[in-house]
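This note sets out some points for a colleague who is meeting the structure for the first time. Please read it with the model open.

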Amino acid sequence: MRLHGRALARALFGAIGGFVAWVVVEPFTTDVASIRELFEGSQGQSLPLWAFVGAAFGVAIAGLEEWLWGGRQKAFQNAAIAGVLGLIGGAIAFALGGVVFSAFGSLVLSAPEGSLAQRLWLILARCVTWTMVGALLGLALGATRRSWRGAAHASLGGAIGGFLGGVFFDTLAPFLGNALTLGLAEPGWGSRLIGLTLMGALIGLFGALTEQWLAPAMLKVISSGRMEGREFIVDKPLVSIGRDERCDIALYYDRDIAMRHATLRWDGDGYVLIPEPQCPVFVNRQPVQTRRLGDGDVITVGQTQLLFRTRFPALVASGAQEKRCPHCAAPNRPTAKFCHRCGAKL
């Protein structure tokens, strides 16, 4: 499966969040004179700043994606949820980061000042801290979809993005930051700008990619005017489709779609499409009442077409792989031991 558009969009939104965070926190940030001051100085006054950084990442990644597609109410709702959780996550991660830096402090301070060993210990400490930041922010982003599975996947991706952001910040960002200032100003602001912007981009990118790689299925709008090209992760036991913004697959602009038009239900072997009463649904141009979806099926609701893609095409394929009951001819799952309709042994 591919979700390049969604992943790149989330990377862009994360970068925007990082830039906004830098604009706000930079006036309150000062460079540390030495490694020793970093570990011996007080970090309490910086806690609100890191809490704001987490909130900025959450609001940008979760809110701007929905705003882009026109879901204003849902955008504000997602931004509020991710912002609050990002605020809490940023504060927790920074507090835990203080513990990490303290744990590495003796190793850093015992190394010769300015040595490679000292630099490597400092990079490792920052990477561990930013990994926690990314994991907690990813958890917040997944929570906006009210999916525990999605939250876990996004948390894993956020951790990867945070770790890579930490590596980049302490290796390349200082050199790029120095080049950015052109020798006209104190160079630390340039590296912080690059570091925060890149960290947001990587958290957004890898959060989206892990959701894509690990989700059971996805839906992509392939014909719907303004929403064409939008991609939805399908990773919940019940996934609602409709025009209502509260639906998991919210198709705002198609007036031929009911507020709640259909439901996707996971039954252990794949997703089953169940239309709501009086709501016509077509799969591959054929009207359906209940249909187990296979990889590549095209669902039509109203004037909108959605392409269904799954990581388990062999499990969800219909037809020959279904077990037909010899007594009542009812279709059953390939792994079923007894008929779900009459109870006969298969």
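Which order do the six strands of the open sheet have? The points below begin with the basis of the model and then take up this question.

1. Basis of the note. This is a predicted model, in which local features need pLDDT of at least 70 and side-chain atom pairs count only at pLDDT 80 or more, whereas totals for chains, interfaces and linings use all residues. Residues are numbered from 1 along each chain as its sequence is written, and side-chain values use heavy atoms, with hydrogens and water left out.

2. The chain as a whole. The chain holds nine helices and 13 strands; helices (H or I, at least four residues) and strands (E, at least two) are DSSP runs, numbered from the N terminus. Of the 346 residues, 51% are buried; buried means under 20% relative accessible area, exposed over 50%, and partly exposed in between, with a 1.4 Å probe and protein chains only. The accessible surface of the chain is about 16400 Å², and carbon and sulfur atoms account for 64% of this surface; such areas come from the Shrake-Rupley method with a 1.4 Å probe, and for residues only the protein chains shown count as cover. Among contacts (heavy atoms within 4.5 Å) with a separation of 6 or more, 57% join residues 24 or more positions apart.

3. The open sheet. The answer to the opening question is β2-β1-β11-β10-β7-β8, with antiparallel pairing. At the edges stand β2 and β8 (286-287), each of which pairs on one side only. Two strands are said to pair if DSSP finds at least two bridges between them. In general, strands of a sheet pair through backbone hydrogen bonds, either parallel or antiparallel.

4. Strand β1 (residues 217-223) is joined to β2 by four antiparallel bridges, and Lys-220 has Glu-231 of β2 as its bridge partner. Between β1 and β11 there are six bridges, again antiparallel; here Val-221 is partnered by Leu-306 of β11. Strand β11 (residues 304-310) also pairs with strand β10 (residues 298-301), over four bridges in the antiparallel sense.

5. Thr-300. This residue belongs to strand β10, and its bridge partner in β11 is Gln-305. Thr-300 counts as buried because its relative accessibility is 16%. Leaving aside residues up to four places away in sequence, Thr-300 touches Pro-280, Val-281, Phe-282 and Gln-305.

6. Strand β3 and its partners. Four of the five residues of strand β3 (residues 238-242) are buried, so the strand is mostly covered. Strand β5 (residues 262-266) runs antiparallel to β3 and is joined to it by four bridges, with Val-239 facing its bridge partner Leu-264 in β5. The pairing of β3 with strand β4 (residues 249-250) is parallel, over two bridges; there Gly-242 stands opposite Ala-250 of β4.

7. Pro-277 is exposed, with a relative accessible area of 65%, and its C-alpha atom is 8.4 Å from that of His-261, 16 residues apart along the chain. Gln-278 is exposed at 80% relative accessibility and has a positive phi of about 65° although it is not a glycine. Asn-284, in the loop between β7 and β8, is likewise a non-glycine residue with a positive phi, of about 55°; at 35% relative accessibility Asn-284 counts as partly exposed.

8. The cavity. A cavity is a set of points, on a 1 Å grid over the protein atoms alone, where a 1.4 Å probe fits but cannot get out, and lining residues have an atom within 4 Å of a point.

9. The lining of the cavity. The lining has 19 residues, and Glu-66, Lys-74, Arg-145, Arg-230 and Asp-248 lie nearest the centre. By class, there are six nonpolar, two polar and eleven charged residues; Ala, Val, Leu, Ile, Met, Phe, Trp, Tyr, Cys and Pro count as nonpolar, Asp, Glu, Lys and Arg as charged, and the others, Gly among them, as polar.

How values were computed. 1 Å grid on protein atoms, 1.4 Å probe; cavity = no way out; pocket = protein on both sides within 12 Å on 5 of 7 lines; lining within 4 Å.
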